[in-house]
Amino acid sequence: MKYFSIHLYRKMLNCAIAEGIPADEFEKLPTPMSKINELQVVDAEEFLALHELLEKRLDSGFSVRVGQKMIIEDYGVLGLSWRTCSKVGEIFERSERYFKLLSNTFIWQIKNEGDISHVVLNREAHRRGMELSTEASLSATVVVLQAMSEKDLCPVQVSFKHKPAKDITSHKEAFKCAILFEQPRYSISYKTADLNLRTAKADASINSYLLQQVDEKTKGIKIPGHKIINDVEALIKDALPTGIPSIHYISDLLAMSNRTLTRRLSETGVTYRDLIKRTQETIAKDMLYNTEQSIGEIAFLTGFSEQSAFNRAFKNWTDQTPSEFRKNN
């Protein structure tokens, strides 16, 4: 079954209500508003039919305006993972891994061409609703990247496979760049340098680590071992949604060589692998105890590519399965 997250369905309905359609009209839909809190996904064809219905009822460009209203919280666990990205462009790497939590109708792919990087949305538009959904996705991309960077990042070009609507005012306001239609692919293009920008969160946290390094090297103030461990665990936690980070990745963020980081950890009696395991276990236990996120989602957020691998690891850590731990705590 092809599907879309109920979060996206709800957002579309709320935007339509904000533009003047009475809420009670949506009780006639196959999935009425009164039922959406009971669901996680909606059938893709039903979702696309809603896009088509709203295009007829509202002004041209409604799908683009929906994209502009998206906020990171609307993406559920995927949005949660975005908040820990170090660089702006990492959201596409995470989207490639996690997007099935929102929809299984397409995937993202980055194609770097020197100074310009093209973020390609691989999907076939078999009906008008899919074209409109794509417009919403590319429009939302602009908003999300600006939120991640806290800068006014704008694409240099956006491309659509389909023909333009009669009125593309909403498109121009959303993208503020060259807009091409009847192209061979769906894509949104940015300066590569913009995608390599540190996220606002990364700037704040990583800068604090670098300042510690400056103090240690210029003032002779040695960073305590427990502080190094806390810093490494915090960076591992941020990186896990993309997969288990290499020691090279973490040492680079800390402005250390691999050898230096390994030695500093050894002085405290731990290895890098110990910290990976400890961080995964801590996060997993906290999410199982304090959230209602599914075990599959928790597995992804703790760096596992498969829930079965997470289940085995958790059983080794605690002698309980994740389900047993959640039930007993």
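**Loops, sheet and cores**

Asp 319 sits in the loop between α15 (307-318) and α16 (322-328). The model is predicted. Five strands make an open sheet with mixed pairing. The largest nonpolar core has 56 residues.

**Positive phi outside glycine**
- Asp 319 has a positive phi, near 65°, and is a residue other than glycine.
- Asp 319 is exposed, at a relative accessible area of 65%.
- Glu 150 is not a glycine either, yet its phi is positive, about 55°.
- The loop between α6 (128-149) and β5 (157-159) holds Glu 150.
- Glu 150 is exposed, with a relative accessible area of 66%.

**The sheet**
- The strand order is β3-β4-β7-β5-β6.
- β3 (107-113) and β6 (178-180) are the edge strands, and each pairs on one side only.
- On average, neighbouring strands of this sheet are turned by 15° against each other, direction ignored.
- β4 (residues 116-122) and β7 (residues 186-191) pair antiparallel, over six bridges.
- His 118 has Ser 189 of β7 as its bridge partner.
- Helix α6 lies across β3, β4, β5 and β7. Its angle to β7 is about 15°.

**Nonpolar cores**
- Tyr 9, Leu 54 and Phe 175 have the most contacts inside the largest core.
- Another core, of 30 residues, lies apart from it; Val 232, Leu 265, Met 287 and Ile 295 are among its members.
- Beyond neighbours within four places in sequence, Tyr 9 is in contact with Leu 29, Thr 31, Ile 36, Val 42, Glu 46, Phe 47 and Leu 50.

Key: Residues are numbered from 1 along each chain as its sequence is written. This is a predicted model: local features need pLDDT of at least 70, side-chain atom pairs count only at pLDDT 80 or more; totals for chains, interfaces and linings use all residues. Side-chain values use heavy atoms; hydrogens and water are left out. Helices (H or I, at least four residues) and strands (E, at least two) are DSSP runs, numbered from the N terminus. Buried means under 20% relative accessible area, exposed over 50%, partly exposed in between (1.4 Å probe, protein chains only). A nonpolar core is a set of buried Ala, Val, Leu, Ile, Met, Phe, Trp, Tyr and Cys residues joined through side-chain atoms within 4.5 Å. Contact means heavy atoms within 4.5 Å. Two strands pair if DSSP finds at least two bridges between them. Axes are lines fitted to C-alpha atoms, for helices over the stretch in contact, and angles run from 0 to 180 degrees between N-to-C directions.
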